[in-house]
Amino acid sequence: MVNWTGGNIFDFDKLFFPVNVAQYHWTVVVVLMKEKRLYYHDSFNQCGRRFMNVVFRYIKDEHKRIFKEKDLPDQSCWSTENMDTPKQENRM
């Protein structure tokens with residue numbers, strides 16, 4: 001296990017952000033750092049734009065914290081995408 005609290009997230013290739021939606025459904029935002037891409041995976045196929053925006057805000061804030069108030073370079077190069085995740089069927 002890697003403890004990166006207070007460390008540098010930019011040393012990682014991938015970041016995973018689990019998201020609990022309405023306290024009943026789990027989704028995930030995956031960040032590919034080198035490719036500058038954020039993906040949202042949701043088996044209910046809902047739009048994750050707001051979650052990806054929150055994660056991207058975190059990335060920008062972390063860049064400022066780590067690199068002494070410098071803005072994240074090439075912000076316009078980052079992309080977001082809702083993935084076509086297989087649909088979840090709730091069967092008992």
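Helices (DSSP runs of H or I, at least four residues) and strands (DSSP runs of E, at least two) are numbered here from the N terminus, and Q23 lies in the loop between β1 and β2. This is a predicted model, in which local features need pLDDT of at least 70 and side-chain atom pairs count only at pLDDT 80 or more, while totals for chains, interfaces and linings use all residues. Residues are numbered from 1 along each chain as its sequence is written, and side-chain values use heavy atoms, with hydrogens and water left out.

**Overall fold and surface**

- The chain has 1 helix and 4 strands, which follow the pattern β-β-β-α-β when read along the sequence.
- Of the 92 residues of the chain, 33% count as buried, where buried means under 20% relative accessible area, exposed means over 50%, and partly exposed lies in between, with a 1.4 Å probe and protein chains only.
- The chain exposes about 6,800 Å², of which carbon and sulfur atoms supply 53%; accessible areas come from the Shrake-Rupley method with a 1.4 Å probe, and for residues only the protein chains shown count as cover.
- Among contacts (heavy atoms within 4.5 Å) in the chain between residues at least 6 apart in sequence, 45% join residues at least 24 apart.

**Helix α1**

- Helix α1, spanning residues 49-66, has 18 residues and reaches 26 Å from its first C-alpha to its last, close to the 26 Å expected at 1.5 Å a residue, the expected span being 1.5 Å times one less than the number of residues.
- The buried residues of α1 are F51, M52, V55, F56, I59, K60, E62, H63 and I66, and they pack against β1 (14-21), β2 (25-32), β3 (37-41) and β4 (79-82).
- Just after α1, K68 takes a positive phi of about 55°.

**Loop between β1 and β2**

- A22 lies in the loop between β1 and β2 and has a phi near 55°, a positive value in a residue other than glycine; A22 counts as exposed because its relative accessibility is 58%.
- Q23, which lies in that loop between β1 and β2 as well, has a phi near 60°, again a positive value in a residue other than glycine, and its relative accessibility of 76% is why Q23 counts as exposed.

**Cysteines**

- The structure holds 0 disulfides, a disulfide being a pair of cysteine sulfur atoms within 2.5 Å.
- C47 counts as exposed because its relative accessibility is 52%, whereas C77, at 47% relative accessibility, counts as partly exposed.
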